[in-house]
Amino acid sequence: MVQNSHTVSADDTIVGSIDSTESSDEYVIADISADGAWLSMEADAAPTLPAMR
């Protein structure tokens, strides 16, 4: 059964973090309650909170 990828349940744990390396800073969003459920982008390209409202 395919689940709706836009549905969030009480068991989901979504976190965001900046991952810094020598070459770049990456903004990572992950659901730490599921294996492989993450995405990243350059930190400078990540939307700001006011832009998300």
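1. A residue is called buried when its relative accessible area is under 20%, exposed when it is over 50%, and partly exposed in between (1.4 Å probe, protein chains only). By this rule, 6% of the 53 residues of the chain count as buried.

2. This is a predicted model, in which local features need pLDDT of at least 70 and side-chain atom pairs count only at pLDDT 80 or more, while totals for chains, interfaces and linings use all residues. Residues are numbered from 1 along each chain as its sequence is written, and side-chain values use heavy atoms, with hydrogens and water left out.

3. The chain contains one helix and three strands, where helices (H or I, at least four residues) and strands (E, at least two) are DSSP runs numbered from the N terminus. Along the sequence, these elements follow the pattern β-β-β-α.

4. The accessible surface of the chain is about 4,800 Å², and carbon and sulfur atoms hold 53% of this area. Such areas come from the Shrake-Rupley method with a 1.4 Å probe; for residues, only the protein chains shown count as cover.

5. A contact means heavy atoms within 4.5 Å. Among the contacts in the chain with a separation of 6 or more, 2% are accounted for by residues 24 or more positions apart.

6. Ala30 belongs to strand E2. Ala30 is buried because its relative accessible area is 17%. When neighbours within four places in sequence are left aside, Ala30 is in contact with Thr13, Ile14, Val15, Ala37 and Trp38. Ala30 and Ser40 are 10 residues apart in sequence, and their C-alpha atoms are 8.6 Å apart.

7. Ala37 lies in the loop between strand E2 (25–31) and E3. With a relative accessible area of 30%, Ala37 is partly exposed. Beyond its neighbours within four places in sequence, Ala37 is in contact with Ile29, Ala30 and Asp31. The C-alpha atoms of Ala37 and Ile14 are separated by 9.5 Å, and the two residues are 23 apart along the chain.

8. Glu42 is part of strand E3 (residues 38–42). Glu42 is exposed because its relative accessible area is 52%. Together with Asp19, Asp25 and Asp44, Glu42 forms a patch of negative charge on the surface. Patches consist of residues with over 30% relative accessible area and no salt bridge; like charges are joined within 9 Å, and nonpolar side chains (Val, Leu, Ile, Met, Phe, Trp, Tyr) within 5 Å. A salt bridge is a side-chain nitrogen of Lys or Arg within 4 Å of a carboxyl oxygen of Asp or Glu. Asp and Glu count as negative, and the place of their charge is taken as CG of Asp or CD of Glu.
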